[in-house]
Amino acid sequence: MEQNIESHLKENRLFKPARAFAKKARIGSFEEYRKLYRESIEKPERFWAREAKELAWQLPWKKVLEWKAPDAKWFVGGKLNVSENCLDRHLDGPRRNKAALIWEGEPGEKRIFTYQQLHRDVCRFANVLKRNKIKKGDRVIIYMPNVPEAAIAMLACARIGAIHSVVFGGFSAESIRGRIADCGATAVITADGGYRRGTIVPLKQNVDAALAGKTTVKRVIVFRRAGNEIHIEEGRDVWWHRELEYVGAKCDPVALESEHPLYILYTSGSTGKPKGILHTTGGYLVGSYVTTKYVFDLREEDVYWCTADVGWVTGHSYVIYGPLANGATTLMYEGAPNWPEPDRFWRIIEEYAVSILYTAPTAIRAFITWGDQWVKKHDLSSLRLLGSVGEPINPEAWMWYHDKIGGGRCPIVDTWWQTETGVIMITPLPGAIPTKPGSATLPFFGVDPAVVDAKGNEVPPNVGGKLIVRRPWPSMLRGIYGDQARYRKQYWSEYPGRYFTGDGARRDKDGYFWIVGRIDDVLNVAGHRLGTSEIESALVSHAKVGEAAAVGRPDELKGQGLVVFVTLKAGAKPTPRLKEELRAHVGKQIGAIAKPDEVRFAEALPKTRSGKIMRRLLKEIAAGKAVTGDTTTLEDFSVLAKLASPEE
Ligand code: WT7
């Protein structure tokens, strides 16, 4: 166990599922959970086949799993279509006229799509894709605000077998360019702009910058959202609404191999270059369907709201694919939680009678600092279940969420998973598993996690170690796009044949998992996972910067604040103005979310003899602590003293 991942949490509170909740729940007792879990581990093929049969297959599979570590194939021989399962499957009965998607724009517009309407819009847009020569297997970048058309674009790609790669609307032109180049995208779907805290984010302008020079992109489809003025490149760019004039509403879902790629989603890694995480069709759909059904204990009448942006994996699995595959009503909100005032979320919950809320600890911490008065203004009695995802939720935030938002009556599901896992892996089931604030509790069906030492042996209760998964699961990533060697090395080499999550964890005496954070240097700023080296490369690309090191420091609001230590090239002056310039530079290179909270100039960075920056020391300095722990490998001790007393 690395020294920098420690666990100081001591938590003894236990919350049992309320009897009234358990009585109606899909899994209503701990015994039932244990029984199904045991089956899912001892007879995984039986378990997964039974669940998969609830979905629509154009051709049945021959074999549930083919596993040759680290390559998994699920539902081999089967053919299906994700958009058919999310839409067409619900059109035969009363769900046809049920709200599939409820949307609110930041300025306040409201739109509601029934399943029938959403189906029609997806079919029409799929025909637009075909009209623009986008075909099965092509990579399509989606760079959109959190609007229904983002979901429509994703589902339309899935309908024709094109592979979408959604790029979060907060990312910069440089980030889009890198992702386009990595996956060789031939089309981009974007909007003129999107709203964020009352201002318009110029999405199309960023796309224009990303496409300057040589590019693989031949077509850009632009949705009119904000009405801001944009440039239209003749021969390359077309308007979404104009294209719709040329197409009909009939578009059969293509039968796709179970292992046909559904999407690529880029995630930051510690080694800098973002990894294109690849997910495929059958296993991913089954995984998102089953986890949404059991973890959120979905009922026909629920109004379900996952606050994630479609640009993150949570937006893929739990705003769109999981809920729609279940025929649920999913709510989508475009903007910031404090626009126009800090009660926007509570206003939305009251207005639409939201019954399930799934959000992130960073948001919960922000709400706490904004004050309870914003919560008290609204009737939140429609809520029956709360969820948390993205980082460990500290017990105090958990308690606040439980008492102030859940009125003490709603179970909380603290769900642990990753972009790579595709779906929830460790989580309470709300009617079955007693919860402890701060613990993601127990594994979901079919998931076999363990906490191990460096040799791969399971550690005793309450001892920290590395979190691994010992067997394949349907929605696991199938690779890193274009780089299977990196896939093997990153996830499967540390413990051959077993998946290494990169997280540290411990299990308590009840077998509950407590995730203590990432083992490598990836930072989690306001719920966003940022690779340190990505930020460092951005800094170093500035003409005046010599070296840079990025570290996190505890931040009440964002989970982690971002502090960068920078050495300047000879002749460059360490001025306050340059600090601002560097912050803006990182914002431009990566996106506003990666803007450092603090820039500190240093004469030198602490390094090991082999030249590796000692981030552990910088972390302590950034947090204002005295440097403790091992410094024997430090190359030059004078560096430390200078760093500890900043220049101002
Ligand atoms: C990393 C994955 C999962 C979708 C959103 C983030 C951390 C996530 C929890 C949780 C403790 C958590 C882990 C994980 N994480 N959920 N409930 N408790 N830590 O996806 O960007 O791929 O990040 O987020 O460190 O490895 P991601």
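Reply: Two strands pair if DSSP finds at least two bridges between them. Strands (E, at least two residues) and helices (H or I, at least four residues) are DSSP runs, numbered from the N terminus. This is a predicted model, in which local features need pLDDT of at least 70 and side-chain atom pairs count only at pLDDT 80 or more, while totals for chains, interfaces and linings use all residues. Residues are numbered from 1 along each chain as its sequence is written, and side-chain values use heavy atoms, with hydrogens and water left out.

Me: OK, what stands opposite Glu 598 in S30?

Reply: That is Val 563. Strand S29, which covers residues 559–568, is joined to S30 by four bridges, and the two run parallel.

Me: Which strands form that sheet, and in what order?

Reply: The sheet is open and has three strands in the order S28-S29-S30, with mixed pairing. Strand S28 (545–555) and strand S30 (598–601) are the edge strands, each pairing on one side only. On average, neighbouring strands here are turned by 25° against each other, direction ignored; axes are lines fitted to C-alpha atoms, for helices over the stretch in contact, and angles run from 0 to 180 degrees between N-to-C directions.

Me: Which helix lies across S28, S29 and S30?

Reply: Helix H19, residues 615–622, lies across these strands and runs at about 60° to S28.

Me: Switching to S21, are its faces covered or open?

Reply: Both faces of strand S21 (residues 449–452) are covered, with Pro 449 and Val 451 buried on one side and Ala 450 and Val 452 buried on the other. Buried means under 20% relative accessible area, exposed means over 50%, and partly exposed is in between (1.4 Å probe, protein chains only). S21 is joined by four bridges to strand S22 (residues 465–469), and the two run antiparallel; within S22, Val 469 is the bridge partner of Pro 449.

Me: And where does Asp 448 lie?

Reply: Asp 448 is in the loop between strand S20 (412–415) and S21, and its relative accessibility is 14%, so it counts as buried. Leaving out residues up to four places away in sequence, Asp 448 touches Tyr 37, Ile 41, Ile 468, Val 469, Arg 470 and Arg 471, where contact means heavy atoms within 4.5 Å.

Me: What do the buried residues of H2 pack against?

Reply: They pack against helix H3 (44–52) and S21. The buried residues of H2, which spans residues 30–42, include Tyr 37 and Ile 41.

Me: Why is H6 described as largely enclosed?

Reply: For helix H6 (residues 148–160), 13 of the 13 residues are buried, so the helix is largely enclosed by the rest of the structure. Just after H6, Gly 161 takes a positive phi of about 85°.

Me: Last topic, how many aromatic pairs are there?

Reply: The count comes to 39 aromatic pairs. Rings of Phe, Tyr and Trp (its six-membered ring) pair if their centres lie within 6.5 Å, and planes under 30 degrees apart count as stacked, over 60 as edge-to-face and the rest as tilted. One of the pairs is Tyr 284 with Tyr 321, which is edge-to-face at 5.9 Å centre to centre and 85° between the planes. Tyr 284 lies in helix H10 (residues 282–295) and Tyr 321 in helix H11 (residues 313–325), so this pair ties together parts that are 37 residues apart in sequence.

Me: Are those two tyrosines, Tyr 284 and Tyr 321, buried or exposed?

Reply: Tyr 284 and Tyr 321 are both buried.

Notes. Expected span 1.5 Å × (residues − 1).
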